[in-house]
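Trainee: I have a structure open and would like to talk it through with you. Could we take the helices and their charged contacts in turn?

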Amino acid sequence: MATEAPPPPGGTDTSPIQPTTESFVEAQGSAEFGELRRTYRSFAFPLTVAFIAWYLLYVLLSNYAGGFMGTKLFGNINVALALGLAQFLTTFLIAWFYSRHAAEKLDPKAEAIKSRMEADL
């Protein structure tokens with residue numbers, strides 16, 4: 001059984017006012033936004049390429065260097081297991097590093113652009 005609540009008093013549209021399309025296009029063309037984009041790309045692209053290369057190295061070693069990957073390090077722990085666990089470790093380290101980078105460099109720039117756009121409303 002569904003009941004409909006009455007609309008809130010003072011009108012039915014309670015959504016916040018949004019900037020116009022022209023405002024978004026203007027912000028996108030600004031030097032400030034370009035700097036934000038450069039800051040993001042200069043961090044994300046090199047780290048992405050490095051991680052993909054590291055992952056592909058692991059896959060290639062697993063396929064073509066079975067003897068090396070099977071080398072025991074200690075007990076039942078071999079090189080393949082150690083490198084596989086290192087994949088998880090590097091994933092978490094990159095996520096943590098990106099979080100710090102975003103909080104220190106990206107978020108303040110994005111907040112400044114957002115505040116400027118909201119002030120123009």
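Trainee: How many residues apart are Arg-38 and Glu-35 in their helix?

Mentor: Good place to start, with one caution: this is a predicted model, where local features need pLDDT of at least 70, side-chain atom pairs count only at pLDDT 80 or more, and totals for chains, interfaces and linings use all residues. Residues are numbered from 1 along each chain as its sequence is written, and side-chain values use heavy atoms, with hydrogens and water left out. Helices are DSSP runs of H or I with at least four residues, numbered from the N terminus. Both residues lie in helix α2, about one turn of the helix from each other, and their separation is three residues.

Trainee: Which residue forms a salt bridge with Arg-38?

Mentor: A salt bridge here puts a side-chain nitrogen of Lys or Arg within 4 Å of a carboxyl oxygen of Asp or Glu. An α-helix has 3.6 residues a turn, so residues three or four places apart point the same way. For Arg-38, the closest N and O atoms are 3.3 Å apart, and the partner is Glu-35.

Trainee: Is Arg-38 buried or exposed?

Mentor: The classes rest on relative accessible area: buried is under 20%, exposed is over 50%, and partly exposed lies in between (1.4 Å probe, protein chains only). Glu-35, at 34%, is partly exposed. Arg-38 has a relative accessibility of 52%, so the class is exposed.

Trainee: Which residue of helix α4 pairs with Glu-35?

Mentor: Glu-35 has a salt bridge whose closest N and O atoms are 3.4 Å apart, formed with Lys-109. Glu-35 is in helix α2 and the partner in helix α4, so the pair ties together parts 74 residues apart in sequence. Together with Arg-38, they are linked in a network of salt bridges.

Trainee: Where does α2 bend?

Mentor: The 34 residues of helix α2 (residues 31–64) should span 50 Å at 1.5 Å a residue, and the end C-alpha atoms are 48 Å apart, which agrees. The expected span is 1.5 Å times one less than the number of residues. A bend is the angle between axes fitted to the seven residues ending at a residue and the seven starting there. In α2 it is about 25°, at Arg-41.

Trainee: Which helix is named in what covers the buried residues of α2?

Mentor: The buried residues of α2 are Gly-34, Leu-36, Thr-39, Phe-43 and Ala-44. Contact means heavy atoms within 4.5 Å. What covers these buried residues includes α4 (79–119).

Trainee: And how far apart are the C-alpha atoms of Asn-63 and Gly-75?

Mentor: Asn-63 lies in helix α2 and is exposed, with a relative accessible area of 55%. Along the chain, Asn-63 and Gly-75 are 12 residues apart, and their C-alpha atoms are separated by 23 Å.

How values were computed. Helices (H or I, at least four residues) and strands (E, at least two) are DSSP runs, numbered from the N terminus.
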